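Please keep the model open while reading.

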Amino acid sequence: MAVEPELVAERSTDTVLSPELIAVALIACVLLVLYLRKRSKSTAARAQYQGRQLATQVPTFRVVTLGLQGSGKTLLLTSTYRQLQTPGERGYYLRAPYEQLIELNRWYKEVASADEDWPQGTTRGEMREFEFDLMTHTNTGSETILKLGYLEYPGELLTDPDAPGSTAQARLLDSVAHADALVGIIDGLRVLQTQQGDRRGSLILETTLDAMINSMLSARCPIAFVITKWDLLDELDADENTRLDMVRSMLMSFPGFRDLVKIHSDRRIIRLIPVTAVGHDFAFLADGQVHKRPTGHFAPANVDVALSTVVPDVLCQIELSLDLATRQELLAEAQRRNRLAPADALQSLASFVADKAGKALASAVGGGLLLNSGLALLLDARGDEVQDPVQAHHSRLATLSEADRRAEEFIQSRRRVIRSLQDRVWKLEAVLPASRLNN
Amino acid sequence: MTVGAAVQVWPFLIARGRRRGYSVLLAPDILVSQGDYGFLEEVAAPARPGEPPRIATLNRAGHEVCVVWADHTVTAADLDDDAPNQPVRDEHSRPLRLIFGFVAMDATVTAPAEEDLFDARAVAIPTYNRFLASEDSFSIEASRSFSARSEFGRRVPAATPLATVTPLSRPGASRPTVPVVVRHGRVAPLVAAGVGAVVAVAAITVYSLGGSPSPSCPTLTPTPVVSSSPSGTHYWQPSPSPKSPC
């Protein structure tokens, strides 16, 4: 089809110089200028934001239990969450992601119902990390103080060779190597069998301890030991501390275990925590099988103590690992932070971690835990010793801006939680002095 | 979709004994000979009560492997008569569980047939009894294939990983300190301005040149899909009607 030359020229001119195109080009230019201006402003704001995020980021403590199959790891996890899902008198509580909450509730129903069997045991396909938020209430709402990672895995990974093509064992060993705390799970049934002279029970107990020794001997992180199924040992003696002392003596008669405790004693208090995930009136042993009582009362005991032991211990171990000069530097930083407004104090951490003391701290715990927020937690804990926390708290609140007030609330909340965790351990030790493995 | 009369599948079994922990007791002979069957344990997480059989597809050494499984709580009827007094529990008083099923190579199961699972279990039970008879000295048994009656979907190129087992979050892995949204915010205005300008110019140009309306959208036919859960496990379900892209 032929087109007349004049018409083509007219259309071309209209398209290039149309007012709509000019308007669009102008809008695009204005948007670009606005964006560039905003970007230059936000660069500084972002740096400030990053610093604040760096300082207030919630640390994650990864706890790995070391226990053979059937030792009670899953029940301990279930009952621990059950007990800590509300604040009670502690002032803190655990919150789980919804998908994991459903799983924990399902396990709880299986365990607590007299009509149902015990849970069927964890397979490699169910191996995963549960991540809890350790929460507390503040004047401004609920705050996450810590995140707790808890690895759920089948205990046979500690003793059986992995099948070709499986990566589960390698993942477990990697988790153990990167753990912030290790909790050795000692099966109370094996302890009972050993006390009763059962040769096989004794051999399995020895295997349990060997698996722990292998993983814990070179570990620098806090360790603790838990005796599960404590209710099955009620028959050993009426007095609980006497019972625990008997078990303690028996465990310390294993040379490897004794050496493990001795080596770690230079750096930390090693605790032996008797735990029942179901209570003393829920199950009984008959014909080698543990049965649920039809009218048994489900009342877990001491299931929260393992976490209460290792979390504050992480902070203590960090400090103990420092040389004197670094510790003095740390103390000075804590004092300086207490003089600062809280919001500024949090921001000051970003620069502190970059200097000598910060680097020393980071290397002292093998990195990972102490990145920024772990350091904030440590400095907060140290601040208590520098200055009376109550007096400091009130004097600060009088002059704080709203932002500072919120930051102050957060810091104080963290201190309260740490103190609450420590109190729990001290209360147990007051009742059961034998829970301390080293003097 | 094809009915797998000619497709071969292999039974497998994962179970725990009275004393020994979970392990693969029965695996396809081709995987046993290649020394690559441990992944079955990581893929075949037990189903929750009332759940249908599970399906997972993954890529192993360039081959698409489709795993279909169910689980079964062992009863006295499953066990040989030579151990009538033994409790149907492990030494920790827990019920014994079988995770059994079949494996298809380079083919995707879209609807597992009950008969195939039944046949797989029929092979697995004798293996389990042999295992219980000598847990400590038992070594893995190799299964032979049988012709499947399940429904299979179209083949996917073997090099394309369909699903992988969700890895554990690596301990010590750092989290981003700056939300991703900040980075998105950096380019979003530019992209919006640019796209807006281009669209406007194109519209004006088309209008000026007297362009015709855009062609109508083609009709899309719904096809069944295998949906992926976070654990890499798939449940068959019909796909919702696709939305018109126009």
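How many bridges join strand 6 of chain A to strand 7 of chain A?

**Basis**

This is a predicted model, in which local features need pLDDT of at least 70, side-chain atom pairs count only at pLDDT 80 or more, and totals for chains, interfaces and linings use all residues. Residues are numbered from 1 along each chain as its sequence is written, chains are lettered from A and ligands numbered from 1 in the order in which they are written, and side-chain values use heavy atoms, with hydrogens and water left out.

**The sheet**

Three bridges join strand 6 (residues 223-228) of chain A to strand 7 of chain A, and the two run parallel; strands are DSSP runs of E with at least two residues, and helices are runs of H or I with at least four, numbered from the N terminus, while pairing requires at least two DSSP bridges. In this pairing, A:Phe225 stands opposite A:Leu272 of strand 7 of chain A.

The open sheet of chain A comprises seven strands in the order 2-3-4-1-5-6-7, with mixed pairing. Its edges are strand 2 (93-95) and strand 7 (272-274) of chain A, each of which pairs on one side only.

**Aromatic contacts**

Over all chains, nine aromatic pairs are found, where rings of Phe, Tyr and Trp (its six-membered ring) pair if their centres lie within 6.5 Å, and planes under 30 degrees apart count as stacked, over 60 as edge-to-face and the rest as tilted. The ring centres of A:Phe282 and A:Phe298 are 5.4 Å apart with planes at 80°, so this pair is edge-to-face. A:Tyr81, A:Trp107, A:Phe130 and A:Phe132 form one aromatic cluster.
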